[in-house]
Amino acid sequence: MASTNPIQFIQQVRAEVSKVVWPTRREVLLTTVMVFIMAALTAVFFALVDLAIRGGLQAILGAFG
């Protein structure tokens, strides 16, 4: 593994950072909103699944209990 001196390292880091394409404020806002929407939909889905499983188990236990 080749070692570089600190000045070369900093130059390489700056060169790599300059290649990064940063998202616009609008892109960040839209992706943040989409994350919140997907999280809410996932929470609703698992709440409904939980209710269905609970109701099924109560029906089974009520029939045999």
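How many aromatic pairs does the count come to? The count comes to 1 aromatic pair, where rings of Phe, Tyr and Trp (its six-membered ring) pair if their centres lie within 6.5 Å, and planes under 30 degrees apart count as stacked, over 60 as edge-to-face and the rest as tilted. The pair is formed by Phe45 and Phe46, which are edge-to-face with 5.1 Å centre to centre and 70 degrees between the planes. The model is predicted, with local features needing pLDDT of at least 70 and side-chain atom pairs counting only at pLDDT 80 or more, whereas totals for chains, interfaces and linings use all residues. Residues are numbered from 1 along each chain as its sequence is written, and side-chain values use heavy atoms, with hydrogens and water left out.

The chain contains 2 helices and 0 strands (DSSP runs numbered from the N terminus, helices being H or I of at least four residues and strands E of at least two). The radius of gyration is 26 Å, whereas a compact globule of 65 residues would have a value near 11 Å (taken over C-alpha atoms, the globule rule being 2.2 Å times the number of residues to the power 0.38). The C-alpha atoms fill a box of roughly 75 × 35 × 10 Å along the principal axes. Of the 65 residues, 0% count as buried (buried means under 20% relative accessible area, exposed over 50% and partly exposed in between, with a 1.4 Å probe and protein chains only).

The unreviewed UniProt entry annotates residues 28–49 as "transmembrane region"; such annotations may be inferred rather than shown by experiment. Over residues 28–49 the chain is 100% helix and 0% strand, with the end C-alpha atoms 32 Å apart.

Phe45, partly exposed at 48% relative accessible area, and Phe46, exposed at 52%, also contribute to a nonpolar surface patch of about 880 Å². Patches are made of residues with over 30% relative accessible area and no salt bridge, like charges being joined within 9 Å and nonpolar side chains (Val, Leu, Ile, Met, Phe, Trp, Tyr) within 5 Å. Among the other members is Leu61, which lies in helix H2 (residues 25–64) and is exposed at 60% relative accessibility.

The structure holds 2 salt bridges (a side-chain nitrogen of Lys or Arg within 4 Å of a carboxyl oxygen of Asp or Glu). In one, Lys19 joins Glu16, with the closest N and O atoms 3.2 Å apart; Lys19 is exposed at 58% and Glu16 partly exposed at 47%. Arg54 forms a salt bridge with Asp50, the corresponding separation being 3.5 Å. Arg54 and Asp50 are separated by about one helical turn because they are 4 residues apart in helix H2.

Definitions and conventions. Areas by Shrake-Rupley, 256 points an atom, 1.4 Å probe, with all protein chains shown as cover.
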